[in-house]
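Good morning, and thank you for coming. Today I shall walk you through one structure, and I ask you to keep it in view while I speak.

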Amino acid sequence: MPKVSVCVPTYNNVKEVKRLLLSVREQSYTDFEVVITDDSDNNEIEELVREFSDNRIHYTHNSENLGHIYNWNAAIEKAQGEYIKIMFSDDWFTYPESLAEFVEMLDGCPDAGLAFSNSLQVSEKTSYKRKVSEAFIPRLKEDWRHIFMGNEIGAPSDTIYRRNGIMFDEKSNWASDVELYLHLLQANPRFVHTDKPLVSIGLHEEQYTHSFSERDERIFQDYLFMYRKYCLWENKGCREFFLREYIIRFGKGAKTAKACHIKASAYWIARFSYLCRELLPCYIRAAGRKLGS
């Protein structure tokens, strides 16, 4: 049984998969398998895998298109390793030592279930280092539920975790990564982090999250689902965050707030604050235009 399963869901992007597999081949750590589950409507990735001729790569062309989260889970389900290392096919290992350092984080902290790194965010025009804020790590150590208020862990490719049966919740959608981290940290709140950007994240306009508008109802439903699943109203910060950023901003009413264990007084105060913040600048601009006319 390999130590690490590098799980790679793919779909019609042979160029990016090749970049990822080349970075895998360069890794100094070698006790791994690569599990590819392919939703493509052609055989290009299958042919690429044959070219690599590496018996550590296990390829499956799905008999039907599973879709994003289902394909992600298909790869995890086939994993045999002690550690799960998700690698979305747009991403790649930054250094030859990246996988070794991921493994060392979990090996060096047997009580931890999850480890994650910073990353490089790379597009055709630019690249920059994404790193967590100084306040995030102690806040997450204090209470694992704080990940709900801002995903500074990053993309799933930034993580490695012990195989424990946890996968993406297929009821989730927009924030499936946050839901995964909530599940992992609920099961074991101990984690390890490194500032090194061990993974490079490929950015492009066709990414899944770009298919959502700013106030897409699916985003609200996703956060409502997590809020209820993990009883996040029990955490004051999560409760206030959900009220401010989702119930109020998405135009949900006092009835929704009440169903989410939020007092009517808290709802109306938050709504008044939101209206002042959103509408007052408009009134000021309108008044300025009127005075100037």
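**Helix packing, charges and rings**

The axes of α6 and α7 approach within 10 Å of each other and cross at roughly 10°. Here an axis is a line fitted to C-alpha atoms, for helices over the stretch in contact, and angles run from 0 to 180 degrees between N-to-C directions. Helices are DSSP runs of H or I with at least four residues, strands are runs of E with at least two, and both are numbered from the N terminus. The helices α6 and α7 are therefore roughly parallel to each other, since angles under 35 degrees count as roughly parallel, over 145 as roughly antiparallel, 65 to 115 as roughly perpendicular and the rest as oblique.

Before I continue, a word on the source. This is a predicted model, in which local features need pLDDT of at least 70 and side-chain atom pairs count only at pLDDT 80 or more, while totals for chains, interfaces and linings use all residues. Residues are numbered from 1 along each chain as its sequence is written, and side-chain values use heavy atoms, with hydrogens and water left out.

Which residues of α6 and α7 meet? On the α6 side they are Ser176, Val178, Glu179, Leu182 and His183, and on the α7 side Asp222, Tyr223, Phe225, Met226 and Lys229. Contact means heavy atoms within 4.5 Å.

Lys229 leads us to the salt bridges. A salt bridge is a side-chain nitrogen of Lys or Arg within 4 Å of a carboxyl oxygen of Asp or Glu, and by this rule the count is 15. Lys229 forms one with Asp169, at 2.6 Å from N to O. This pair joins distant parts of the chain, 60 residues apart: Asp169 is in the loop between β8 (159-162) and α6 (176-187), and Lys229 is in helix α7 (residues 217-229). Are these two residues buried or exposed? Asp169 counts as buried, at 15% relative accessibility, whereas Lys229, at 32%, counts as partly exposed. Buried means under 20% relative accessible area, exposed over 50%, and partly exposed in between (1.4 Å probe, protein chains only).

A second salt bridge joins Asp54 and Arg56, at 2.9 Å from N to O. Asp54 is partly exposed at 23% relative accessibility, and Arg56 is partly exposed at 24%. Elsewhere, Lys3, Glu82 and Asp107 are linked in a salt-bridge network.

Let us turn to Arg249. In its salt bridge with Glu245, the closest N and O atoms are 3.7 Å apart; Glu245 is partly exposed, at 24% relative accessibility. Arg249 also lies over the face of Tyr246, 5.9 Å from the ring centre. A charge sits over a ring if NZ of Lys or CZ of Arg is within 6 Å of the ring centre and within 35 degrees of the ring normal. Lys252 is likewise placed over the face of Phe220, at 4.7 Å from the ring centre.

Both of those rings belong to one aromatic cluster, made up of Phe148, Phe220, Tyr223, Tyr227, Trp233, Phe241, Phe242, Tyr246 and Phe250. Rings of Phe, Tyr and Trp (its six-membered ring) pair if their centres lie within 6.5 Å; planes under 30 degrees apart count as stacked, over 60 as edge-to-face and the rest as tilted. The count by this rule is 17 aromatic pairs.

Finally, consider the backbone. Ser53 has a positive phi of about 45° although it is not a glycine, and Ser53 lies in the loop between α2 (44-52) and β3 (57-61).
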